[in-house]
Structure formats: structure tokens, C-alpha cells
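Student: Hey, can we go through this one together? I'd like to know what to look at.
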Amino acid sequence: SHGFSRNQNVMKNLAEHYASWGILTITMNLLHSSLFDNNPTQDALDLVYLSNQFGGRVIYAGQSSGGMRSVLAASIDTNAVAAFGLDLVDLEVNGYYLALNSVLDLAIPVWGLLGEPGDCNEDANGLPIYENAPNGNALRIIEADHCDFEDPTNLFCRALCQGTNEQFTNDEIRSVIRSLSTAFFLWKSGINEAGELWWNPGEGPYDELLNDGSITQLTMLHNFQTELNLNEYKLYPNYPNPPKC
């Protein structure tokens, strides 16, 4: 799902990337995400209706307020196996936050990536969602701004939301976002459980990103309680990186 007052075109490259890994990926224009008609709950119901036309398990994912709508959809769809936010922005209505309120008893993974706090993501107000979800987890992509979670983005977003880069280029930041999100979808969809290595402290891909300063862990992980013992060394490939035809 795309962000507020945007459309499916800003998710096109991401959707095509996920599909190249064998993940059935669907993106649509949200009908109630504009200055004239802002109804996240109805958009969530629309997402569930669309998903149910295809059947089977589903991971709801979205950028900005589309991430909020994805969490709402996951909370009402019994076929949902996970919800994933790309610099998710929550919305306060009548004194409580929509996505935060919906995850308090939601058992499925509610995971995501956040950029640096700023005006365009309400100073990272999506973080409490991951902190309060029973199975929540969030990473910050260092130096990522709100537009880095769209692909492709445009000059309008860059003019409003672009931050300062001192360590990483926009391409490097987007590569990390793609790798982590793709790995999560492959893992939770059951297509490739090796995607877990990108999210598991103590494993090569995760530790490499942590050590080079690309990410920081924002939440306490309750997902990996087993003791990690070093039994063998492994050299992991550049993954996700599908071969060219």
C-alpha cells in the first residue's frame, strides 16, 4: 500500500522486485487516502476484500500511512500471517492511534523498517506500534528519509522529505530496505526460510548490516530466545539478489 495522497505508481519498482522472487505481489490505488476522503478503516476493508479474491495466506505491507492501513487490514483478516511497515505513520482519531490500538492483542508478527525521525513521518510515531505488539520488531535504516521507502519516488517528495546523507548514498539505503523487506517476505511466506538470517542477531547478514552502521535495532527482540552457539562458519551469498536472465 502506498502513502497518503500518493498512488500505486510509487510502489511499482518495489512490487516488481518482490515479484521477481516468486512472491505474488498486489498493489492498488487506495480509494480513501486523499485530502478530500481520508478513511483508513475503509481502505483496510478494501485491502482485505481484494486479498480474499486470491485466497490463501497474506502479508500486508505498506509505506507511510499505507503501512498503517496494512496493519489495520492484518488485524481483521484471519488469513494474515504478518504485517510489515515501511516507515509507517500512524493516525490519531478521537484520542487514540489507529494502528497502535489494533495491534495490542495481535499475535502475528508486526515488523517493519523506520527511517530517521522527521516531519514527514511524524517523528517516527510508528515506533510504538512495534513496541506494543506482542510480536513486534523494528529496525531503523540509518540516514533513510521518508522518500527512500517509496520506489520510485519523485521530486515533490524529495523537496519535502529528503534528509542529509553523510555515510550512505540513496542507492545504498534503498538496497538495504529492499534486502531486509524481501528477506522478511520470503521467510514469512515460507518461500525461503533463509530470509530469517537478515533479521536474526548473531547471523551473518544481520550482523554485517549492524556492524557497518546501516541499521540499528529499535525494539527488544522476543523472537530469538534460543542460545546461539557457533558450530560452523558459513559464507553467505549476496542475498536477496536474484540472478539476471
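Student: Okay, which residues are linked in a network of salt bridges?
Tutor: Asp145, Asp148 and Arg158 are linked that way. A salt bridge here is a side-chain nitrogen of Lys or Arg within 4 Å of a carboxyl oxygen of Asp or Glu. Before we go on: this is a predicted model, where local features need pLDDT of at least 70, side-chain atom pairs count only at pLDDT 80 or more, and totals for chains, interfaces and linings use all residues. Residues are numbered from 1 along each chain as its sequence is written, and side-chain values use heavy atoms, with hydrogens and water left out.

Student: Where do Asp145 and Arg158 sit?
Tutor: Their side chains meet in a salt bridge at 3.1 Å, N to O. Asp145 is in the loop between β6 and α6, while Arg158 is in helix α6, 13 residues apart. Helices (H or I, at least four residues) and strands (E, at least two) are DSSP runs, numbered from the N terminus.

Student: Is Asp145 buried or exposed?
Tutor: Buried, with a relative accessible area of 4%. Arg158 is buried too, at 14%. Buried means under 20% relative accessible area, exposed over 50%, and partly exposed in between (1.4 Å probe, protein chains only).

Student: How many salt bridges does a search of the whole structure find?
Tutor: Seven. One of them joins Arg6 and Glu150, at 2.7 Å from N to O. That pair links distant parts of the chain, 144 residues apart: Arg6 is in the segment before α1 (12-20), and Glu150 is in the loop between β6 (136-141) and α6 (155-161). Glu150 is buried, at 2% relative accessibility.

Student: And which residue does Lys12 form a salt bridge with?
Tutor: Glu16, with the closest N and O atoms 2.9 Å apart. They are four residues apart in helix α1, so about one helical turn separates them. An α-helix has 3.6 residues a turn, so residues three or four places apart point the same way. Lys12 is partly exposed at 42%, and Glu16 is partly exposed at 45%.

Student: New topic: what order do the strands of the open sheet have?
Tutor: The order is β1-β2-β5-β6-β7, five strands with mixed pairing. The edge strands are β1 and β7 (215-217), each pairing on one side only. Two strands pair if DSSP finds at least two bridges between them.

Student: How many bridges join β1 to β2?
Tutor: Six, and those two strands run parallel. As for residues, Gln63 stands opposite Leu86 in β2.

Student: How many of the residues of α3 are buried?
Tutor: Ten of the twelve, so α3 is largely enclosed by the rest of the structure. Among them are Met68, Val71 and Leu72. The buried residues of α3 pack against α2 (40-54), β1 (58-63), β2 (80-86), α4 (98-103) and β5.

Student: What does Asn125 touch?
Tutor: Leu88, Val89, Asp90 and Tyr97, not counting residues up to four places away in sequence. Contact means heavy atoms within 4.5 Å. Asn125 lies in the loop between β5 (110-114) and α5 (127-132), and Asn125 is buried, at 17%.

Student: Last one: where does pLDDT stay under 50?
Tutor: Over residues 223-235. pLDDT is the predictor's confidence in each residue, from 0 to 100. Where pLDDT is low, the predicted coordinates should not be read in detail. The mean for the protein chain is 91, and 90% of its residues reach 70 or more.
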